[in-house]
Every structure is written in C-alpha cells, then in structure tokens.
Amino acid sequence: MVRLNKIYTKTGDAGETGLADGSRIRKDDPLATAIGDVDEANSAIGVALLAITDSNVHEMLGRIQNEMFDLGADLATPGEDFAPTDMTLRIVQPQIDRLEGEIDRMNEGLEPLRSFILPGGEGGSAQLHLARAITRRAERSAVAASRLHSLNPLALVYLNRLSDHLFVACRYLAKTSGGDVLWKPGATRT
C-alpha cells in the first residue's frame with residue numbers, strides 16, 4: 001500500500017530521483033524520461049476522459065489509467081527477474097491480452113481505413129489522439145532506456161499495444177460523432 005505523508009522530500013534537489021529499490025538515477029537518465037513520459041500519457045488520458053461520455057470506453061480507460069501506474073512502478077523497479085511478486089509490480093501478459101481483446105471488439109464495427117486519420121474529432125477523440133501520440137513517445141523513451149537498463153519486455157509490448165488501443169478507441173468514438181477525420185494527401189496544393 002502506498003502512503004505519502006510528505007510531498008516534498010528534498011531528495012531530488014541535486015538532480016537525481018529514486019527508484020523502487022532505493023537506487024538513484026539522474027533525472028535526465030533515459031529511464032527517468034520513460035517513467036515521466038508514461039506519467040504524461042496517463043495524464044493525457046485523464047484529460048480525454050473529461051470529454052468521453054461512452055461508458056464502455058470510459059471503463060476501459062479507467063482500467064488503463066490504473067495499469068499506467070503499474071507500468072511506471074514496473075519501469076522504476078530495476079532487476080533481471082520480471083515475475084510479479086507481492087512487493088514488485090510487473091506488467092503481465094493477461095493485461096496485454098485484455099488490451100488486444102478490447103481492440104478487436106472496438107474494431108469490429110469500424111470501416112477499414114482508406115487514408116491516414118487526422119488527430120481530431122469530437123467526443124474526446126481529439127484529446128485521445130493526443131494521449132496516443134504521448135504514449136508513442138513513452139514507448140520510444142522506454143525503448144531508449146532499455147539500451148541502458150534491464151526492463152520488463154512486456155512493459156514495452158504493453159506500451160505498443162496501448163497506443164494501438166487508443167488509436168482504435170479514437171476511431172470508435174469518432175464513429176458516433178461524424179466519423180474519422182481523414183487525411184487528404186495534397187489537398188491544399190494548387
């Protein structure tokens with residue numbers, strides 16, 4: 001159980017941050033960047049939820065927000081053993097499987113893509129596109145961090161699948177509010 005009695009600790013004043021095992025890394029370490037990008041993606045999902053009224057999508061994103069904290073904890077826990085324990089949170093295959101099942105269910109009623117989709121739309125779709133783009137950045141950051149740190153391979157898979165999930169959720173939401181906003185290649189050339 002997490003318990004925070006004091007918000008400022010002054011332990012990061014010299015440009016370092018602590019990991020779950022008590023070790024410290026520089027705040028500009030690629031791992032700190034990845035953890036921060038995951039936090040930013042989670043925050044962007046929270047903003048998108050303000051505009052999303054679809055209860056199914058709302059429920060899915062609520063689960064995902066909780067998992068994003070699990071993901072941050074996973075990234076912040078160094079080690080070579082990626083099996084979850086009572087004291088160590090790890091992303092596990094059933095979480096990825098659930099994302100894939102949700103993607104498949106949302107995608108069932110969508111038309112095949114005919115063009116790239118502009119990041120816009122109503123009903124939370126535009127905000128969710130921003131969350132998707134930030135999630136892609138978090139994935140790139142985690143991949144960069146994995147060059148220097150041993151990371152749970154399923155954490156990287158989860159980020160990749162999550163961006164797919166958010167993309168399909170954008171399309172799913174757009175279906176009921178005017179449809180996808182399609183890219184029209186070269187439309188403004190005259």
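**Exercise 1.** Is Glu 40 buried, partly exposed or exposed? Then find its salt-bridge partner and say what the pair ties together.

*Solution.* This is a predicted model, so let's take it step by step.
- Step 1: Glu 40 has 34% relative accessibility. Buried means under 20% and exposed means over 50%, so Glu 40 counts as partly exposed.
- Step 2: The side chain of Glu 40 meets that of Arg 137 in a salt bridge, at 3.0 Å from N to O.

**Exercise 2.** Work out which residues are linked in a network of salt bridges with Glu 59.

*Solution.* Start in helix H2 and then move on to H3.
- Step 1: Glu 59 pairs with Arg 63, with 3.1 Å between the closest N and O atoms. Both sit in helix H2 (residues 55-75), four residues apart, or about one turn of the helix.
- Step 2: In helix H3, Glu 102 and Arg 98 are also four residues apart, about one helical turn. Their side chains form a salt bridge of 3.0 Å, N to O.
- Step 3: Put together, the network links Glu 59, Arg 63, Glu 67, Arg 98 and Glu 102.
- Step 4: Now look at the cover. Glu 59 is exposed at 52%, whereas Glu 102 is buried at 3%.

**Exercise 3.** Locate the one aromatic pair in the whole structure and describe how its rings are placed.

- Step 1: A pair of aromatic rings is described by the distance of the centres and the angle of the planes.
- Step 2: For Phe 116 and Trp 183, the centres are 5.7 Å apart and the planes stand at 50°, so the pair is tilted.
- Step 3: Phe 116 belongs to the loop between helix H3 (93-107) and H4, and Trp 183 to the segment after H5, so parts 67 residues apart in sequence are tied together.

**Exercise 4.** What does His 149 touch beyond its neighbours within four places in sequence?

*Solution.* Begin with where the residue sits.
- Step 1: His 149 is in the loop between helix H4 (125-146) and H5.
- Step 2: Its contacts beyond those neighbours are Ile 25, Asp 29 and Leu 31.
- Step 3: With Asp 29, the side chain of His 149 makes a polar contact of 2.8 Å.

Notes: Residues are numbered from 1 along each chain as its sequence is written. This is a predicted model: local features need pLDDT of at least 70, side-chain atom pairs count only at pLDDT 80 or more; totals for chains, interfaces and linings use all residues. Side-chain values use heavy atoms; hydrogens and water are left out. Helices (H or I, at least four residues) and strands (E, at least two) are DSSP runs, numbered from the N terminus. Contact means heavy atoms within 4.5 Å. A polar contact is a pair of N or O atoms within 3.5 Å; within protein, one must be able to donate a hydrogen and the other to accept it, and residues adjacent in sequence count only if both atoms are side-chain atoms. Rings of Phe, Tyr and Trp (its six-membered ring) pair if their centres lie within 6.5 Å; planes under 30 degrees apart count as stacked, over 60 as edge-to-face and the rest as tilted. A salt bridge is a side-chain nitrogen of Lys or Arg within 4 Å of a carboxyl oxygen of Asp or Glu. Buried means under 20% relative accessible area, exposed over 50%, partly exposed in between (1.4 Å probe, protein chains only).
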